[in-house]
Amino acid sequence: MSVVMANALGTGIFCGLWQGIGSVLGLATWMGFVGCTSYFSAGCGKTGFIKSMCSNYVGLLWGMCIIMSGNINSGILFGAIVTGAFSWLICYQSKIDLLSLVPNTFMGGFSAFASGGDWKMLCICLVLGNILGVCCDYSGRFLAANLVKIINQEIRVKQIFKGA
């Protein structure tokens, strides 16, 4: 079994479980997939998890600020200026290592809009989604390391019996 196949298998299993369990619990599962995607784009592992979470939550904060600014003035020009200013901020803050993943910050921001400002659900689902990413990542690594060994052992046994 190739590493790609092992990763695909682990990801398929855990994403299916997330969709089923999340739906039963009434969670917005798409938000979890945002966190999972963010984890993988952050490079995986402990550092990837931390940077993904920081970027997602700061993006969520900026998205909520943009939403709340609509209470000040709901005009198109004002909205465009506010969105432009926060987009600049997201790009500029990438100078900070923990917030250097600009796409992941935008993921948190656009998720705030897509959720209709449901920041509580988003906070829960983003962290669960990043954990989902960890599960997909490490299950793929586990399957790749262990199933390859098992398959190779079976091949050796078959070769031994053929030669006997």
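Predicted model: local features only at pLDDT ≥ 70, side-chain atom pairs only at ≥ 80, totals over all residues.
Start by selecting S38, which sits in helix α2 (helices, H or I, at least four residues, and strands, E, at least two, are DSSP runs numbered from the N terminus). S38 has 0% relative accessibility, so it counts as buried (buried means under 20% relative accessible area, exposed over 50%, partly exposed in between, with a 1.4 Å probe and protein chains only).

Residues are numbered from 1 along each chain as its sequence is written, and side-chain values use heavy atoms, with hydrogens and water left out.

**Aromatic rings**

Next, show the rings. A pair of aromatic rings is described by the distance of the centres and the angle of the planes. Rings of Phe, Tyr and Trp (its six-membered ring) pair if their centres lie within 6.5 Å; planes under 30 degrees apart count as stacked, over 60 as edge-to-face and the rest as tilted. By this rule there are three aromatic pairs. Select Y39 and F40 for one of them: the ring centres are 5.5 Å apart and the planes stand at 80°, so this pair is edge-to-face. Y39 is buried, at 0% relative accessible area, whereas F40 is partly exposed at 35%.

Then move to W62 and F86. Here the ring centres are 5.7 Å apart and the planes are at 40°, so the pair is tilted. This pair links distant parts of the chain, as W62 belongs to helix α3 (residues 45-69) and F86 to helix α4 (residues 76-92), 24 residues apart. Both W62 and F86 are buried.

**Salt bridges**

Time to colour by charge. Side chains of opposite charge can pair when their charged atoms come close. With a salt bridge defined as a side-chain nitrogen of Lys or Arg within 4 Å of a carboxyl oxygen of Asp or Glu, a search of the whole structure turns up two.

Pick K51 and D97, whose side chains meet in a salt bridge at 3.4 Å, N to O. K51 lies in helix α3 and D97 in the loop between α4 and α5 (102-114), so the pair ties together parts that are 46 residues apart in sequence. Is K51 buried or exposed? K51 is buried, with a relative accessible area of 14%, but D97 counts as exposed at 53%.

While you are in the loop between α4 and α5, click on Q93. Q93 counts as buried, at 7% relative accessibility. Its C-alpha atom and that of I67, 26 residues apart along the chain, are separated by 20 Å.

For the other stop on the charge tour, select R141 and D137, which form a salt bridge at 3.0 Å, N to O. R141 and D137 are four residues apart in helix α6, so about one helical turn separates them. R141 is partly exposed at 42% relative accessibility, while D137 is buried at 6%.

**The largest pocket**

Switch to a surface view. A pocket, on a 1 Å grid over the protein atoms alone, is an open set of points where a 1.4 Å probe fits, with protein on both sides within 12 Å along at least five of seven lines; lining residues have an atom within 4 Å of a point. The largest pocket has a volume of about 170 Å³ (the space filled by probe spheres set on the points, which are joined across faces, edges and corners). Its lining includes F14, W18, G22, L128 and C135. Helices α1 (3-24) and α6 (119-163) each supply at least two lining residues, and α1 gives the largest share, five.

**Last stop**

Finally, select C44, in the loop between α2 (29-41) and α3. Its phi is near 70°, a positive value in a residue other than glycine. C44 counts as buried, at 17% relative accessibility.
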